[in-house]
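Work through the exercises below with the sequence and the structure open. Try each task before reading its solution.

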Amino acid sequence: MNPSITVDCNSLVWLLRLAQRKQTIDGKSISQIHSASLMPENHRLYCRSLVKDGVTSLINLSIPCTTQNSNGLGIAITDIDNMLGVLKYHGGVLNIINKGDKITIKSGSKQTTIAGNTDARSFPHTPETIGQWYTKSNNIVNKIDAENKTYTKNDGSVIEPLVLIEGLDSTTMYEAFRCDSMNGQKFNQYSFSYQDGKLSIGVGKELKGKTTTDIDVDACEADPINATYNGGLEYIFQNLNSDVSIAIWDFTEVNMGYPMLITLGDGDFIFQMSNIGE
């Protein structure tokens, strides 16, 4: 019997949409992640992937699932857009069957088969396969402890967060980030500053509207910090509906700025590098 994974259709759609990590570049909405290898682990289905440049951002997202004869085998999504197009015509409980170089999606009386192979390219015009990209991404995921908000370096030393803000309302954050779209700007650039229990988020330019949102948060013992991020944060928070935590690490000693960890619960997180020199 072929290995199969059972998930809720709406949950899988949420996972794949968020995994795409869309951002606006030169006025166009572009997905930062094209394909995915979904792996079952401890009754959850995980999507772990670096974005296309392999450096600036990483996701570790999951949804509940059950498996049958999976033996650790996952689901290769060769094109997330195409998979979302399939799921539009399904609903309720999905049974996804791994058939080697393709996968079959069943719901009710419907059955759809689509290409799905870990040997396919992870992105167009790249030599790395979906399987290789998952391994590369998973190696970095294993360095991040989402519960304690720490990062383990290659030498085994652990980096604690410079700033830790917990219990942030995702809708409040989205309202701050979405102002980047004011009058069609969409610069995809978000400035963060933290000092004495106040998080300030700035977006936009004065020509069409520069907006700063001040959010009162629980104070943590930290020096004032200023950092700028890309990564389509507006898109991320548009797809969230629960509280999140944000940890900011100090990587300045290796000229890597102030990377940010957004934790979503259940061990899920989004890692985003800051812009260097801004």
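**Exercise 1.** Is Arg48 buried or exposed?

Solution. The model is predicted, so local features need pLDDT of at least 70 and side-chain atom pairs count only at pLDDT 80 or more, while totals for chains, interfaces and linings use all residues. Residues are numbered from 1 along each chain as its sequence is written, and side-chain values use heavy atoms, with hydrogens and water left out.
Step 1. Buried means under 20% relative accessible area, exposed means over 50%, and partly exposed lies in between (1.4 Å probe, protein chains only).
Step 2. Arg48 has a relative accessible area of 9% and is therefore buried.

**Exercise 2.** Which side chain meets that of Arg48 in a salt bridge?

Solution. Step 1. A salt bridge requires a side-chain nitrogen of Lys or Arg within 4 Å of a carboxyl oxygen of Asp or Glu.
Step 2. For Arg48 the partner is Glu41, with 3.3 Å from N to O.
Step 3. Glu41 has 35% relative accessibility, so Glu41 is partly exposed.
Step 4. Applied to the model, the rule gives a count of 5 salt bridges.

**Exercise 3.** Describe the salt bridge between Glu166 and Lys149.

Solution. Step 1. The closest N and O atoms of this pair are 3.6 Å apart.
Step 2. The pair links distant parts of the chain, 17 residues apart: Glu166 is in strand β15 (residues 163-168), and Lys149 is in the loop between β12 (144-145) and β13 (150-152). Strands are DSSP runs (E, at least two residues), numbered from the N terminus, and helices are such runs of H or I with at least four residues.
Step 3. Lys149 is buried at 9% relative accessible area, whereas Glu166, at 46%, is partly exposed.

**Exercise 4.** Classify the two partners in the salt bridge of Glu175 and Arg178.

Solution. Step 1. Their closest N and O atoms are 3.0 Å apart.
Step 2. Glu175 has a relative accessible area of 38%, so Glu175 is partly exposed.
Step 3. Arg178 is at 39% and is also partly exposed.

**Exercise 5.** How many disulfides does the structure hold?

Solution. Step 1. A disulfide is a pair of cysteine sulfur atoms within 2.5 Å.
Step 2. The structure holds 0 of them.
Step 3. For Cys47, the nearest cysteine sulfur is that of Cys65, 13 Å away, and Cys47 is in no disulfide.
Step 4. Cys47 is buried, with a relative accessible area of 0%. Cys65 is buried too, at 6%.
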